[in-house]
Structures are given as C-alpha cells and as structure tokens.
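Biologist: Can you walk me through this one? I'd like to start with the charges and then look at the packing.

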Amino acid sequence: MPPPRKATSKPKKTSVLSSPQVSETQSTVRRQATKEKKAEKQKKRALKATYQENPDDFENEPSELHSDTDHDEDTMFSDHALQTKLSSNTKVLAFSMGKMPPVSHITSGNARQLKAPTLDSDNTNDDEESSGDDSDKNDYPQSDAGASQTDEKDGNTIEEQMSATRASKRLLDTEEAATVAMKMKKLSDGSRYLSRVKVADFDDVSKDILVTAISLFRCLIVTKAPFPDSIADETMLGKDAWREACQLKGVNIKLTPLAIKMLLKRTSHVRGELKTKMRSLTRTFFGFRSSESRDIIRQNRDLAEALKDGSSFVFKDWKAKTGIYKTELLQDGINVMWFANRNDEGIVYNQFFNPMPIKLIALMLTTIECCIDEWMQGVKEDIRFTAITYGSVYNNHLNSLQRFDERTAPYKLFERICDNLHDVARFHAGVVDTPTTFSDASRISDEAIEDAIREHQLQEESGRRG
C-alpha cells in the first residue's frame, strides 16, 4: 500500500492592490488634495468678501476674482487643459467644446467620468443662468459652513470653470458701453447685501433709474404681453424699459441680473394689482352680494352663469347683448388702474395708451371674467389670477377682439372704441385737451402793440401843444 501523500500548501501571494498600506496611502493623498482644494476656495472666498465689503481699499479688482468674461469671445471657448480635483498625480484632460472628455482612471481602481458642460442659450432666463457656484454669493451672503458643503458636493473642476462662461452668455447686452454701475447702499455694519433687496437699498442715481424702468416695464407688459409666451420675451421688454429709462434720465447705467430680476417680478405684480382693483368694481357693477341666505347664494350663482354665457359681460346691455365691448365696467377699470390722476402711468407714459391697445382691452376682459368666476359657487372665493389658469382665457378674448376688428374694419368700429376709451380716461384723470394752448392765450397780438405806439404818439403831441 503506497504511503499517503503529504498535503503541501503554497503561500498565497499578497496582491498589491489589496495591501492595507497602499490603500492607506491613497486615502491620505486624497484627503490631502481635498484639504488643499478647500483651503484654496476658502482663501478666494475670503478675498472676495473683503473686496465686496471694502472695494475702496483696493486699487483694482484682484486678479483672482476675474472671470472669463474679461476675455475676447473668440478665445473664450478655445481648447485648454483642465486638471481634475484629485491628487498631484492626476492626468491632464484636453477640454474641447465638441468632444466628451475621456474617463480619468485612478490607481486605486475608482474612476470618475467628467461630464461635458452645456452652455445656456441666449433665451435662457437670467435666474437659471445665475444658479452657478458664485451667483448666490454675489446676490446674498453665504456662511462658510454652507459654502464648504457646497464645495464638497459640487466640486467638479470643469463645472466651476464653466460657471464664468455661462455668466458671459447672459441674455443681457454685455457689449453695450455702460459708464455707470449700479450701487447699493451700505448697511450700518458695512455690508452691502440684504436677505431681500428692495428699490430703496440702492443709491439715489440707481434708484431713480430703477423706479422709472419699473413704471415703463409695467406699461410695456400690459400693452405688449400681459401673459408673455416665454421668459425671453419678458426679458426683452425689461431691457427695453431699462434702455428708455436711461435715455429719459440721461445716464447710462449697466443692466445687472439683480435689476432685471426685480423688473420681471412686476409682471405678476401688475396683474395682481389689476385683479384687486377690479374685484370690488365687478362686484358693485353687477350686484353680487355676500350672504348666507340660500336665495342670495342662488341669485349670485345664476348671475355669474348668465354673465359667462357667451361672454355677455362684454356688452353694454348684457341682458339684451347690445353694445359689444362698450360696457362701462371696462372704462371704469381703465380709469382706476392707469388714469386715476394727472401723475398716473396712463398720463405720464401716454404713448403706450393712445389709442387704447387691443392687448390691454383683452387683459381687462380676462380680469373681469376672473372676478366673475369667484362668484360661480354663489359665495365669494379667491381665485388666483395666474398665467397658467387664465393665459388661455386671455388668448380667447384677444382672438375675439381681433376678429371683431377685422370684420368691422370698413366701419372702424373698434378703432372708435379704442379712441373713446383713451379720451374718456384722460378726461377722468383731469387732462382736458383744448384747441387753444396756454402759450397762445398769453401772447400779445401785433394790433395791441400798434395801439400802444399810437397812444404814446398822441400823448407826446398833446404835451408839446400844452
């Protein structure tokens, strides 16, 4: 019987990748790289905060705070080398706008794929464009703890490099020569940024331009695009208002993202103001009543349904449906909203309201319908006057007005309605157009001068004789 074989075992080779020492070394390298990156960002953030609080202490803006917007547009998007956010042994990636960067392999086996950043188009909202790493710090203060968390979470180097590029592609006209920059008042503690910025927070020159631009923007919105189709159209109106405000004041101030943001907020504000004023007028005009009585509730419901049937509320006599687009409620709303007095927007910026624009009339009819909808259940309820809910209603009224204008063009019926709405509104504001101007009334005629000469000559002759 052969002797049993002795079991032999060969010593297992230790893998280099599984060595605890190598893993610990790699972890140390990564932690060191992260600390260095965080320290560099904290240093830059501290320099930025110091420059924003005390800009007078610096002769020029520190070069570390410069962005790609200072470069020429032709070379702004050229290929250049970018380093990843890892250790000093990382590979250099050649960045190109037309190619996806390759995957950067790390010795530990872990890999991170860098995404090719996408640039915002020219029609992108400024609020979306300013959502980068530095935008929130520019508008509002951010604590160091929150900033550190943001750096660790969104620390992609390429996206940080491209944040300045996205800022350069804003919808605003950066090529326009601006001689004056908007300035905010400093607070008692020396800071410039508030949790909620208001018009009063700016210096006198910027505040004057901003107040004028807001009034112009309100007029442009209600007469050009009460419910804008896109944020690009809305922003374009804001730029037009700002440009005209600078021309009126004779000062060229650069339009900043903060200013355009404050202008665009007025779109919903002006619609809400109109809805608030029309609510009481509509209730009184048609006779809606607040009561717990079932009979009155039923009457309110029946009245609202009758007014909505075939848009009867647009007629002067809504029961007989005669006098289309001649309802007195339409005139009353225009008077209260834009022609309350001689200093109201309809008088100061009369070029937007003469003749009364068709889109403003459509907005008024949409607002009246919204006020009637609040009584559809018989009791008053609040309904938000938003673009989502009433944008389609506005388009329906606008289409009806346009068809009415086309069908009655030979008789100029709609043109007369628009002119009458404007003329009555001006009269309500206290502005009376008379053929004789004040300059003509105070002018001395040539006949009166000749009479004075003859009178003087007669006095001299009588003096000689005496």
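This is a predicted model: local features need pLDDT of at least 70, side-chain atom pairs count only at pLDDT 80 or more; totals for chains, interfaces and linings use all residues.

Biologist: Start with lysine 249. What does it form a salt bridge with?

Modeller: Its partner is aspartate 208, and the closest N and O atoms are 3.5 Å apart. The pair links distant parts of the chain. Lysine 249 sits in helix H8 and aspartate 208 in helix H7, 41 residues apart.

Biologist: What about aspartate 240 and arginine 243, how far apart are the closest N and O atoms?

Modeller: They are 3.0 Å apart, and the two residues form a salt bridge. Both lie in helix H8, three residues apart, so about one helical turn separates them.

Biologist: Which residue does glutamate 374 meet in a salt bridge?

Modeller: Arginine 279, at 3.2 Å from N to O. Glutamate 374 is in the loop between H14 and helix H15 (387-407), while arginine 279 is in helix H10, 95 residues apart. That makes it a link between distant parts of the chain.

Biologist: Glutamate 374, buried or exposed?

Modeller: Glutamate 374 counts as buried, because its relative accessibility is 0%. Arginine 279 is partly exposed, with a relative accessible area of 27%.

Biologist: Which residues are joined into one network there?

Modeller: Lys275, Arg279, Glu374, Lys380 and Asp382, through salt bridges that share partners.

Biologist: New topic. Where is arginine 271 found, and what is the nearest side chain of opposite charge?

Modeller: Arginine 271 is found in helix H10. The nearest side chain of opposite charge is glutamate 234, 6.6 Å away. Arginine 271 is buried yet has no salt bridge.

Biologist: So what is arginine 271 in contact with?

Modeller: Leaving aside neighbours within four places in sequence, arginine 271 contacts Pro226, Phe227, Pro228, Phe385 and Ala387.

Biologist: On to packing. How many residues of helix H12 are buried?

Modeller: Eight of the eleven, so helix H12 (residues 328-338) is largely enclosed by the rest of the structure. Among the buried ones are Leu329, Ile334, Met337 and Trp338. Gln331 and Asn335 are buried there too.

Biologist: Which helices do those buried residues pack against?

Modeller: They pack against helix H7 (204-224), helix H10 (266-286), helix H13 (345-348), helix H14 (358-373) and H16.

Biologist: Now the surface. Which residues gather in a patch of positive charge?

Modeller: Lys316, Lys326, Lys412 and Arg416. Arginine 416 is in helix H16 (residues 413-428). It is exposed, with a relative accessible area of 56%.

Biologist: Last one. Where is valine 251?

Modeller: Valine 251 is in the loop between helix H8 (231-249) and helix H9 (257-264). At 24% relative accessibility, valine 251 counts as partly exposed. Its C-alpha atom is separated by 8.6 Å from that of valine 205, 46 residues apart along the chain.

Terms used. Residues are numbered from 1 along each chain as its sequence is written. Side-chain values use heavy atoms; hydrogens and water are left out. Helices (H or I, at least four residues) and strands (E, at least two) are DSSP runs, numbered from the N terminus. Buried means under 20% relative accessible area, exposed over 50%, partly exposed in between (1.4 Å probe, protein chains only). Patches are made of residues with over 30% relative accessible area and no salt bridge: like charges are joined within 9 Å, nonpolar side chains (Val, Leu, Ile, Met, Phe, Trp, Tyr) within 5 Å. Accessible areas come from the Shrake-Rupley method with a 1.4 Å probe; for residues, only the protein chains shown count as cover. A salt bridge is a side-chain nitrogen of Lys or Arg within 4 Å of a carboxyl oxygen of Asp or Glu. Lys and Arg count as positive and Asp and Glu as negative; His and the chain ends are not counted. The place of a charge is taken as NZ of Lys, CZ of Arg, CG of Asp or CD of Glu. Contact means heavy atoms within 4.5 Å.
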